[in-house]
Amino acid sequence: MVVKAIKDIYNLKDTIVAISTAPGESAIGIVRLSGPKALSIANKIFISKEKKKPSRFRNRSIHYGWIVDRGQKTEIRKQKTKAMSQIKNPTPDRTIDEALLTVMRAPATYTREDIVEINCHGGVLVLKKTLELTLSRGARLAQPGEFTKRAFLNGRIDLAQAEAVLDVIRAKTEMGLGTALGQLKGKLSKRITKIRNILIEVLANLEVSFDFSQEETEGLNSRQIIKSLKMVRRNLEELIKSAEGGCILREGVVTVICGKPNVGKSSLMNAFLKEDKVIVTPIAGTTRDIIEDIINIEGIPIRIVDTAGIIEPRDLVEREGVARSKKCLNEADLILFLLDNSRPLSTEDLQIINSIKGKSIIVVVNKIDLKTKLNLKRIEDFLKGKRIVKICATREKGIPSLEDNIKKHILGGKVKIGVESAVVTNLRHKKALEESLKFIEASIKNLKEERGEELVAEDVKEALGSISCIVGEITPEEILDKIFEEFCIGK
Ligand SMILES: Nc1nc2c(ncn2[C@@H]2O[C@H](COP(=O)(O)OP(=O)(O)OP(=O)(O)O)[C@@H](O)[C@H]2O)c(=O)[nH]1
Ligand SMILES: [Mg+2]
């Protein structure tokens, strides 16, 4: 098995450790150990109230006690009796913390290895000292995502499910969470397995035809194979279609607010966020850096970005701000182009229009509480077919209508977004499906044109290879590394 080969590359004999809770002060902090030495390390650092070693604890039981630095082996021997007296009265200089320790034995654990979880107090120093103690007793610091990587390498979950763990952690909306949980439960994996099984059967049939003469296998066999390949094609197309909405749920839609200085970009950002996050002043050129946050429009995560309005930078800082704004506009999925209702159209407006032409744009006319001086006649051509929404950012008027327009714009009446319809949410998966589809199309064509089973089998093998990458059956090491690098340490 390829997975076995991968197991050899990643040293699973190590016992890994990490602080699994977020950094900073909190009520509780968790240090997690996984691997063959998890229990013996726990024995060396934990003194339970009932004077029992962690390796003798009942599986999945939680115990009260103390994390104690009892020194290395020789010292322990010397102080054996002394150490026991610490149970009742731990000496402050050797006791690191009062803690709860949980033992979970392999294989029914997150990583399928022995796991020990230590619930310490959430102080930065306490956690660091507990972590260091486990390191000095034989554990190794875990890399980002290494616990989940082990769950994958040990065969508890496939790669798509491992990736879903990260999506669950990062989900910004209920819908995003729903789709991530679906993937974690194996919704996508089941569909992929079904397609893989059909392709494996097709390959077997093709190989049979290599061994017999044309007359014996022709007809029924190739008709059946084409039928199966068409079924695979349908399934792949369906999954790729679901990725349109699915990827939006996972990645969010990058929506950039742009417009000339003072038009009210930051005020709109604050109106979206319902808080005074960004500085707003009557001085043109207030915002110089880009500011980003996430809003939730009916379950769709929107990455909203406020930019600098400056067009002609006067100094180095402004120049950098303008460069960043331009980069943002280039990468935007959607642009909210702001115009000021209280000022006539200016060359600055026209300059911006020129730079965003051809992009996905909603035109937002701000400051409708003030007397209208804006005349849109000159830009009629640019406005053709675009949504125009009127708002007053400072009084939060027109925001629901703007949100509704953003949603409609994203969905475009075509893209379905929902927990049920979004099976594929990850660009990596989408690309693999597209690659697989390409080879299936080729195989159907070659089969119809009777180009020979060997050629068709090659295409089917390629299609199978691409789709297998999704669940991690044959995934190159560097791709695995890239996927798990994104995780936080301790997951
Ligand atoms: N009357 C009125 N004033 C507004 C409205 N929106 C923004 N303003 C005012 O316009 C001024 C500029 O607002 P900002 O939100 O800082 O504008 P900006 O586009 O971010 O400006 P820069 O960051 O300098 O590019 C402030 O004094 C706001 O209070 C509005 O809808 N009505
Ligand atoms: Mg601003």
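**Close-up 1. Threonine 102 in strand S5 of the predicted model**. Strand S5 spans residues 95-104 and includes threonine 102. Threonine 102 has a relative accessibility of 14% and therefore counts as buried, the cut-off for this class being under 20%. Beyond its neighbours within four places in sequence, threonine 102 is in contact with Ser61 and Ile62, as well as with Ile115, Val116 and Glu117.

**Close-up 2. A nonpolar surface patch that includes leucine 100**. Strand S5 also holds leucine 100. This leucine 100 side chain belongs to a patch made with Ile62 and Tyr64, about 260 Å² in area. With a relative accessible area of 34%, leucine 100 is classed as partly exposed. Ile62, a member of the patch, is also one of the contacts of threonine 102.

**Close-up 3. A patch of positive charge on the surface**. The residues gathered here are Lys52, Lys53, Arg56 and Arg58. Arginine 56 is placed in the loop that links strand S3 (46-48) to strand S4 (61-68). The relative accessible area of arginine 56 is 63%, so the residue is exposed; the class requires a value over 50%.

**Close-up 4. Cysteine 247 in helix H11**. Helix H11 covers residues 220-251, and cysteine 247 is found within it. Cysteine 247 counts as buried because its relative accessibility is 9%. Apart from neighbours within four places in sequence, cysteine 247 is in contact with Gly252, Val424, Thr425, Asn426, Leu427 and Lys430. Valine 423 lies 176 residues from cysteine 247 along the chain, yet the C-alpha atoms of the two are separated by 9.5 Å.

Definitions and conventions:
Residues are numbered from 1 along each chain as its sequence is written. Chains are lettered from A and ligands numbered from 1 in the order in which they are written. This is a predicted model: local features need pLDDT of at least 70, side-chain atom pairs count only at pLDDT 80 or more; totals for chains, interfaces and linings use all residues. Side-chain values use heavy atoms; hydrogens and water are left out. Patches are made of residues with over 30% relative accessible area and no salt bridge: like charges are joined within 9 Å, nonpolar side chains (Val, Leu, Ile, Met, Phe, Trp, Tyr) within 5 Å. Accessible areas come from the Shrake-Rupley method with a 1.4 Å probe; for residues, only the protein chains shown count as cover. A salt bridge is a side-chain nitrogen of Lys or Arg within 4 Å of a carboxyl oxygen of Asp or Glu. Lys and Arg count as positive and Asp and Glu as negative; His and the chain ends are not counted. The place of a charge is taken as NZ of Lys, CZ of Arg, CG of Asp or CD of Glu. Helices (H or I, at least four residues) and strands (E, at least two) are DSSP runs, numbered from the N terminus. Buried means under 20% relative accessible area, exposed over 50%, partly exposed in between (1.4 Å probe, protein chains only). Contact means heavy atoms within 4.5 Å.
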